[in-house]
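I opened the model to look up a few things.

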Amino acid sequence: MRISVITVTCRAGGIDIAWTSLRRQGFRDFEWILSDTLYEERKEAVGHYTKGDRRVNHFCQGRKDISAKTWLNHAENEAIKKASGELI
C-alpha cells in the first residue's frame with residue numbers, strides 16, 4: 001500500500017525538518033506531494049535536502065481559481081489530484 005503525504009506551504013523554512021521526519025519513518029512506501037508558493041525560490045534547496053529522492057513531488061502552486069473560496073483549499077485540491085497513493 002502506498003501513502004501520499006501532502007504538504008501545502010507558503011512560508012519560508014521548515015521544509016528540511018519535514019523531510020527529515022518523513023525520511024525517518026519506518027514505512028518507506030510513500031510519496032511526498034509538496035505544494036509550494038515559494039517553489040522558484042527554493043527548488044534547488046529542496047533538491048539538496050531530498051537528494052533527488054524520487055518519492056518527492058515538489059511543485060509550484062497554481063494560480064487561485066476564481067471559483068475557489070480560499071487559496072489553501074485550492075492548493076490542497078491541486079495536491080490531491082497529483083497524489084497516487086491509496087491513502088492520503
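**Cysteines.** I count a disulfide as a pair of cysteine sulfur atoms within 2.5 Å. The model is a predicted one. How many disulfides does the structure hold? I found 0. A disulfide is a covalent bond between two cysteine sulfurs, so I wanted the distance before anything else. Cys60 comes out at 38%, so I logged it as partly exposed, the class between 20% and 50%.

**Strand 2.** Next I took strand 2, residues 30–36. Is strand 2 mostly covered or mostly open? It is mostly covered, with 7 of its 7 residues buried. I sorted the side chains by direction. Phe30, Trp32, Leu34 and Asp36 point one way. Glu31, Ile33 and Ser35 point the other way. Both sets are buried.

**Pairing.** I followed strand 2 to its partners. Strand 1 pairs with strand 2 in the parallel sense, over 7 bridges. Here I noted that Thr9 stands opposite Asp36. Strand 3 runs parallel to strand 2 as well, and 5 bridges join the two. On that side, Leu34 stands opposite His58. Ile33 has Asn57 of strand 3 as its bridge partner.

**Crossovers.** I asked which hand the β-α-β units have. Strand 1, helix 1 (residues 15–23) and strand 2 form a right-handed unit. Strand 2, helix 2 (residues 39–50) and strand 3 form a right-handed unit too.

**Helix 2.** I compared the length of helix 2 with that of a straight helix. Helix 2 has 12 residues, and at 1.5 Å a residue a straight helix would reach 16 Å. Which residues of helix 2 are buried? They are Arg42, Val46 and Thr50. Looking down the axis of helix 2, I saw these buried residues fall within an arc of 85°, so they line one face. The face turned away from the buried side carries Glu40, Glu44 and His48, which are exposed. I listed what covers the buried residues of helix 2, and the list includes strand 1, helix 1, strand 2 and strand 3. Lys51 follows helix 2 and has a positive phi, near 50°.

**Helix 3.** I ran the length check again on helix 3, residues 71–82. Its 12 residues should span 16 Å at 1.5 Å a residue. The end C-alpha atoms of helix 3 are 17 Å apart, which agrees. The buried residues of helix 3 are His74, Ala75 and Ala79. Down the axis of helix 3, they fall within an arc of 135°, so they too line one face of their helix. Among the elements covering them are strand 1 (3–9), strand 2 (30–36) and strand 3 (56–60).

Technical notes
Residues are numbered from 1 along each chain as its sequence is written. This is a predicted model: local features need pLDDT of at least 70, side-chain atom pairs count only at pLDDT 80 or more; totals for chains, interfaces and linings use all residues. Side-chain values use heavy atoms; hydrogens and water are left out. Helices (H or I, at least four residues) and strands (E, at least two) are DSSP runs, numbered from the N terminus. The expected span of a helix is 1.5 Å times one less than its number of residues. Buried means under 20% relative accessible area, exposed over 50%, partly exposed in between (1.4 Å probe, protein chains only). The arc is that of the directions from the helix axis to the C-beta atoms. Contact means heavy atoms within 4.5 Å. Two strands pair if DSSP finds at least two bridges between them. A crossover is right-handed if, with the strands pointing away from the viewer, the path from the first strand over the helix to the second runs clockwise.
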